[in-house]
Amino acid sequence: MRMTDIQRCEVRPGRLVEWALSPATVAAAADLPADPRPPAYVQEGHIRTARSVREDGLFVPTWLGTAFDIPGRVDLDALEEALRGWTLRHETLRSGFRWEGDEMHRFTLDREAVSLHREEVGDFTDADRLVQHLQDRFDDGANALSWPNFLYAAVIRDDCTSVYIGFDHSNVDAYSIQRIPAEIHELYAAALEGRPVEGAAPVGSYVDFCEIERADADRIDGTHVIVSRWREFIQRCDGKLPNFPVDLGLEPGGTLPTQKLMREMLVDADAAAAFEAYCRPFGGSLVGILAATSLIVHEIGGQPVYRAVVPFHTRVKSKWSNSVGWYVGGAPIEVAVDEAPDFLTALKTVRTELQSNRSLARMPLARVLRLLGADFRPTSPDLYSIVSYVDARGIPGSERWAELTAYGLVRVSYGDQVCVWLNRLHEGLWFTCRYPDTDAAYKNMRLYVERLRDVIVTVAREQRAGELAPQDLAG
């Protein structure tokens, strides 16, 4: 799915309708006893960071979402039934948190208590006004520090209806939002025809996963080998988690900067396939992207070692594969560019690093940081910079994303880190980047994009010719 912001997802005028959890549902949640299942460490860290940043006087929206079309005239009752059915399918959406002093406690509604409230907002003839309204509504209704923390919207026209859905990040990851268009379409078709969804097996609960993952994480202490390896990595990063190692034009100790978004199709499907073919013996395109990045940031920033935390999904059992939640961990890697000065050597180094360290992603980093005892009081919504790669072509419905104007949405607000997402689509390799809004950061991230494209195209061309030489891709 093409990741972008709400300003660039082809919003068109129409009649706006919104759905949120009903006042009766919210009232029922207020009286619920505590659910003994704890938050995931990643959820707790996210919400504590949001609270910390807010206490420093800054509101930083961090919601994620999706946008997609339903062709033809919409049946609003059927769409509402589909949205409610989808909400019931994923337990995390009827679960939230309360503060008691400095402790977070979960509450979870029964399925029967969940209903939606529909509001006819009105007609929007100006796309820019509609975009601003949607962003403001998601900022307010998909907020880490309140509950409910998600919102559904539809812009209705005679020829098609565009659906927009926003969630606080504590509920979803990028894979979750990419599954939504096909699921809603399936539920909508069933509602139109008055039939149950065919072959719908129960979906694993992210709330259950949180309990299992946290119990496992709480079994380790500060002497565990995983903690030791993270401690050594952080020490080599000067006591911090790594940012993107190029000049971002940031003042030490300065205020949290606003951010900008960069997004474009990096290469077409043929080049993406040829690049993957070359990299496959070393682990695939992710390894190739990281190898190329290590060489490029050395060119731009001169750092002798590329250090990064690589995101990996934690859906290690099949019962979590269709579940909505934040199933992401991180693994550290280090590439010494003087020992891996060309693409082929960098590929081998990254492969070795990932083979050695990928298992660390299964231990929540927030648990490790707590055990390290270091002062990691976050002042930014992102703990570290990322370069993420996902092959999305196997996600149900992905072949229709272009036809349905389907996008993944990221909120661009404030932050001092760089987040890069690369999505392999049927049409090619899509690049999205959120970065600090400074002249230096823009210049260096543009250099990064152009050099990454150069490397991928060169590898692809030589792969097709069957004659790639390491010196062709020296950094």
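Reader: What makes arginine 214 count as a charge over the ring of tyrosine 41?

Author: In this predicted model, the charged end of arginine 214 sits over the ring of tyrosine 41, 3.8 Å from its centre.

Reader: How many aromatic pairs are found in the whole structure?

Author: The search returns 17 aromatic pairs.

Reader: Why is the pair of tryptophan 86 and tyrosine 152 called edge-to-face?

Author: The ring centres of tryptophan 86 and tyrosine 152 are 6.5 Å apart and the planes stand at 70°. Planes over 60 degrees apart count as edge-to-face, so the angle of 70° places this pair in that class. Tryptophan 86 belongs to helix α3 (residues 76-89) and tyrosine 152 to strand β7 (residues 150-156), so the pair ties together parts that are 66 residues apart in sequence.

Reader: How do you know whether tryptophan 86 is buried or exposed?

Author: Its relative accessibility is 0%. Buried means under 20%, and tryptophan 86 therefore counts as buried. Tyrosine 152, at 1% relative accessibility, also counts as buried.

Reader: Which residues form one aromatic cluster with Trp86?

Author: The cluster consists of Trp86, Phe150, Tyr152 and Phe167. Trp86, Tyr152 and Phe167 are also among the residues that touch the most other members of the largest nonpolar core, which has 70 residues. Leaving aside neighbours within four places in sequence, phenylalanine 167 is in contact with residues including Trp63, Trp86, Phe150 and Ile180. A second, separate core of 55 residues includes Ala274, Leu295, Tyr389 and Ala460.

Reader: What makes tyrosine 206 and tyrosine 327 an edge-to-face pair?

Author: Their ring centres lie 4.9 Å apart, and their planes are at 65°. Since the angle of 65° is over 60 degrees, the pair is edge-to-face. The pair links distant parts of the chain, 121 residues apart: tyrosine 206 is in helix α6 (residues 206-217), and tyrosine 327 is in the loop between β10 (305-313) and β11 (328-336). Tyrosine 206 is buried, with a relative accessible area of 1%, and tyrosine 327 is buried at 0%.

Reader: Why is cysteine 419 in no disulfide?

Author: The nearest cysteine sulfur, that of cysteine 433, is 7.9 Å away. The search of the whole structure finds zero disulfides. Cysteine 419 counts as buried at 3% relative accessibility, and cysteine 433 is buried at 0%.

How values were computed
Residues numbered from 1 in each chain as written. Predicted model: local features only at pLDDT ≥ 70, side-chain atom pairs only at ≥ 80, totals over all residues. Heavy atoms only, no water. Phe/Tyr/Trp six-rings, centres within 6.5 Å; stacked < 30°, edge-to-face > 60°. Helix = DSSP H or I, 4+ residues; strand = E, 2+ residues; numbered from the N terminus. Buried < 20%, exposed > 50% of the residue type's maximum accessible area, 1.4 Å probe, protein only. Lys NZ or Arg CZ within 6 Å of the ring centre and 35° of its normal. Core = buried A, V, L, I, M, F, W, Y, C linked by side-chain atoms within 4.5 Å. Contact = heavy atoms within 4.5 Å. Disulfide = S-S within 2.5 Å.
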